[in-house]
Amino acid sequence: MGWKKAVGIPVVFLVVLAGAVFIFISTYDYANLKPVLEEQVAVATGRTLTIAGPVRLRLGLTPSLVVDDVGFENAAWGSRPELVSLKKLQVKVALLPLLSRNIVVREFILIEPDILLETDKQGQGNWVFSARKKETAPDKKGGAGPGIRLENVRIKNGRVTYLDGRTGKTYTLLLDDMTIAPAPQDRLALDLNGSYNRNAFSVNGTVAGLDALLARAEPWPLDLTVTAAGSTIKAAGTMALAEKGLELDLAVSLDSPSLGRLAGLAGIKGIPDVGPVALSAGLGGNPAGSLAITGLEVRLGESDLKGSASVALGGPRPRLTADLTSNRLDLRPLQPAEEKAEVAATEKEKKVFPDTPLKLAGLKAADLTAIVKIGRLVLRRAMVDDLSVRIILKDGRLKLDPMTAKIAGGSMTGRLALREQGNKAVLAAAFKIEKLDLDRLLKEIGAREMVAGKLDIEADLAGSGGSVAALMASLDGRTRLVMGKGRINNKQLGRIGVDLAGSLTRMINPLAEKSDYTEANCFVSGFAVKNGLARSTALLLDTPRMSVIGDGRINLKTEGLSLALKPLPKKGVAGFNLNLAELARSFKLGGTLARPALVIDPGQTALAIGKAAGGIALFGPVGIAAVLAGKDETDENPCLTALAKVEKGAAAKPGDRDKGAIKNSGAPLDGDAGEIGGTLEKLFGR
C-alpha cells in the first residue's frame, strides 16, 4: 500500500465523519431537548423549568444552542412566580459527544438573568428544593434521553435580589460579569464583578462542584475573597442547605482602610471614619436561626476588641450573648458632634440639662446579656480605666449590675436600671466613687483648672422623664460629696463672672493677692432630693483662714439656686489685719446652674444666726463653727469631724429636728465655685 493510500484513508474517514456530524446537528430537531431539559430540572429540584422561546442552533467550531425567554419556578409561597427569569440562554456544546447522544456543555451563558432569593416569615429560603420521584421520560425510540454534563457557566448583565421575609427589606446587586469554571478537587472557580448601591465589587475563589450543590448530601466547601471600597473580606469553610436556610462553618476576616466607606457600600450612612479596621472570627450556625461568633479579634483605629458572641434570631427580637474584652476602646469618633454655642440672643435661656427627647426605641430592638471588660475607655470628656460591667437587656429593660471602674484616679462601684414607660425613661442609679482626682477630672472634661483635691462621692437617685431635664426634675434620693485637703485656683476663681468674684476670693482667702492658690482643709456637701428639689443637709468649706458654712436648696426643675453662705474669719492670722465687719456678712448664691449670681445678704435673711441645716447646728457653742475654731490641726478631714461632733451633740437635745440627717449627706450637684454652668454642661454632654 502506497503512502498516498495510507494517508488518504484516514482523511476520507474524517471527512465522512465530519459530514455525518454536520448532517446530524443540522437535521436534529432541537425542540426535542425542551422536554428533556425540563424533566431533568424537575427531577433534580421539584420545580418547573419553562422554555417559552424557540431552540435555535448556531454553527461554528463549537455549536451553540440559543434559547429565548426561560423561567424557573419559585417556591409556592414566593412573592412572584419565577425564582429565575432570563432574556436569553446560550449553550455551547461539544460535537463528538453528540454522536453518542451525550451533551457536554462547554459553556452555559445566561444573558440578563433576574434572580430572586427570598425567605418566608419563618426564615425558610426559596432555594430549598425537593426532588420529584419520577423516571426520566423515554424518547420516541424507547431509549433514555441524552446525558448532560455542564462545565462552564457565565452570567452577563444579571440582577440578584434578596428579600428578607421577616423584615421586609430588599437588597439588590448587579452582576456585570460572572464566570464559573471547573477547578481542582471537584470544585468550581468563581470570578465575579458587579456593583451594589452603585459601588463596584468583585468576588474570586472556589465553591463546591455542581454535583455537590445538587446532591446537598454534604456541606459545600468554599474559599472566597471579596474586594470592595478598598476593603478585602475573606471567607473559608463550608456551608450547607438545611430546611430552614444556610448552615455555616466559616473563618472570616476583614481588612479595610475605612469603616465608613465599607458601611456606605451596604447603604449605611453616618458611620464616621475611625481609621483602619481589621477583623477575624469564626462564624457558625444558621443566619435564619442562631449564629455563633468565636475567636473574635477586632482592631478599629487605636481600639481593640476580643471575645465571643452568639445571636439567636428565632424569637420576637434578636437575642445576643457576648463576652468581650478590650485593652483600649476609643469611642470619641463614634460620639455625636458637640452642639455649637448658642447665639447671644438665646444665651439667657441657656440651661445645663438638655431637654432633647431621649431616644429609647433601641431598648426593644434586641435582648442582650454581656460581660464587658475594658482596660481604658476613652470618651470625648473623660477616660475610664478598668471598666467591668455586666449588661442585661431583656424586654426593653436595661440593667448594668455590677459595674466597677476607675475614673480620674478614683475607684467606682455602681449599678443602673433603665426602662421605657410610655414615652418616658424610668431610671434608678446608685454609685460610689472614692478618691476621685478633681483636678484630673476637670482637665479631662476640658474645664479650667479650678479646684484640686481627692473626692469621695456617693449617690442613690431615681427618676423618670422623656429628657435629661425631665429626669432631673423628677429625681428622688440622696447625694454626698466629701473632699479632704485640696486647693482652689485663685486666678480662675476671679473669672467666674459673678458680681462679687473679688469679695468671694477674699472671703475664702484674705491673702489671695500673695498666692495663686487657696489651701482647703476640707469640703463637705450633702443634699436630700425629693421630686426634683435638692435640699442641703451639709455644706461646709474650711480653709486655714476662713470657714464657710452654707444652707439652702437647688431646684432641679428650674435649675434655680438658692444657697446661703456664711463666712467665718479665723482670728489670729499672723501678719494680716482682717476687716471682720466686711467679711462676716452673709452671701446669697442665686441665679441658675448655668448663670450663678452671688450677692450680699445684709440682713442675713437667708441664713439666720443659730439656724440648723438638716438638723445640724451651724453656730452656737455646739455648732459647726465652734468645733472648727478649735479643730485638731492633724485631722485629715476636720469638716467631717465637726459634722460628726455636732450631730452627736444635737442628738442629745430633745428639741433638735432630723436627728442623724447627716447620714444622707453629699452631692455631686454642687459644681466648683467657678464656671458652674460650663463645667456641668461638659459633664452632661451639651
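Here is a short chat about how the labels on this predicted model are reached.

Visitor: What makes the pair of tyrosine 162 and tyrosine 171 stacked?
Guide: Their ring centres sit 6.4 Å apart, and the cut-off for a pair is 6.5 Å.

Visitor: Why is tyrosine 162 called partly exposed?
Guide: Its relative accessibility is 29%. Buried needs under 20% and exposed over 50%, so tyrosine 162 falls in between.

Visitor: What lies between strand 9 and strand 10?
Guide: Two residues, in a hairpin. Asparagine 197 in the turn has a positive phi of about 50 degrees.

Visitor: What makes strand 10 and strand 11 a pair?
Guide: The test is again at least two bridges. Strand 10 and strand 11 (residues 220-228) have seven, in the antiparallel sense, so they pass. Threonine 206 has aspartate 223 of strand 11 as its bridge partner.

Visitor: Which residues touch the most other members of the largest nonpolar core?
Guide: Among them are Leu387, Ile391, Leu398 and Leu436, in a core of 63 residues. A second, separate core has 44 residues, including Leu33, Val55, Val153 and Phe201. Members of such a core must be buried, and joined through side-chain atoms within 4.5 Å. Across the protein, buried residues make up 41% of the 686 residues.

Visitor: How many helices and strands does the protein have?
Guide: The secondary structure comes to 13 helices and 33 strands.

Visitor: Where does pLDDT stay under 50?
Guide: Over residues 3-21, where the model has five contacts beyond four places in sequence. Residues 650-686 also stay under 50, and for that stretch the model has 101 such contacts. Where pLDDT is low, the predicted coordinates should not be read in detail.

Visitor: What is the average pLDDT of the protein?
Guide: The average is 76, and 70% of the residues score at least 70.

Methods
Residues numbered from 1 in each chain as written. Predicted model: local features only at pLDDT ≥ 70, side-chain atom pairs only at ≥ 80, totals over all residues. Heavy atoms only, no water. Buried < 20%, exposed > 50% of the residue type's maximum accessible area, 1.4 Å probe, protein only. Helix = DSSP H or I, 4+ residues; strand = E, 2+ residues; numbered from the N terminus. Phe/Tyr/Trp six-rings, centres within 6.5 Å; stacked < 30°, edge-to-face > 60°. pLDDT = per-residue confidence, 0-100. Contact = heavy atoms within 4.5 Å.
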